Amino acid sequence: MTILYVTLAGFLFSGYLSLIKLLSNTCALNEPCPYFLGYPACWYGFALFSILFILALISQLRKELKLIYWFQLITSVLGIIFASYFTIPEIVRLFTGNSTYSLGLPTCAYGLVFYVLVFILVIRKLQQLKKN
């Protein structure tokens, strides 16, 4: 159930960022808006968290499908790589004094935290299923 809540939090957070960008053409929280292949990074984050959330819902309804956890693991790894790609340069800018963030860290860093949490929870769940 915890995976469902973490993926829901990531879905809502990235959904908020994506909606602000879509409706106002500005990035939420007055931050620089990173782009990937011509589109805002938050849109990709929203897509990844949507996949993770849907997989978590399916897992809850189907009761412990091991294949679903593997898909979540792969998706969370992709999310970690994607968010890290944007977070690392932003953190460097933060510590060199070239940027300030409303939430203390760039929003990509919070996305990264959600992806890492999902990854850890899924690994634990797979280990638990392996024991049974």
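Arg93 is partly exposed, with 33% relative accessible area (between the cut-offs for buried, under 20%, and exposed, over 50%, using a 1.4 Å probe and protein chains only). Glu90, by contrast, counts as buried at 6%. Their side chains meet in a salt bridge, 2.4 Å from N to O (a Lys or Arg side-chain nitrogen within 4 Å of an Asp or Glu carboxyl oxygen). Arg93 and Glu90 sit 3 residues apart in helix H3 (residues 66–95), so about one helical turn separates them. Searching the whole structure gives 1 salt bridge.

## How to read the model

This is a predicted model, where local features need pLDDT of at least 70 and side-chain atom pairs pLDDT 80 or more, while totals for chains, interfaces and linings use all residues. Numbering starts from 1 along each chain as its sequence is written, and side-chain values use heavy atoms, leaving out hydrogens and water.

## A nonpolar patch

Leu19, Leu22, Leu23, Tyr39 and Trp43 make a nonpolar surface patch of about 550 Å² (residues over 30% relative accessible area, without a salt bridge, nonpolar side chains joined within 5 Å; areas by Shrake-Rupley, 1.4 Å probe). H1 gives the most to this patch, with 3 residues. Trp43 belongs to helix H2 and, at 32% relative accessibility, is partly exposed.

## The largest pocket

Now for the largest pocket: 14 residues line it, and Met1, Thr2, Ile3, Lys125 and Gln128 lie nearest its centre. Helices H1 (2–24), H2 (41–62) and H4 (107–131) each give two or more residues to the lining. H4 supplies the largest share, 4 residues.

How values were computed. On a 1 Å grid over the protein atoms alone, a cavity is a set of points where a 1.4 Å probe fits but cannot get out, and a pocket is an open set with protein on both sides within 12 Å along at least five of seven lines; lining residues have an atom within 4 Å of a point. Patches are made of residues with over 30% relative accessible area and no salt bridge: like charges are joined within 9 Å, nonpolar side chains (Val, Leu, Ile, Met, Phe, Trp, Tyr) within 5 Å.
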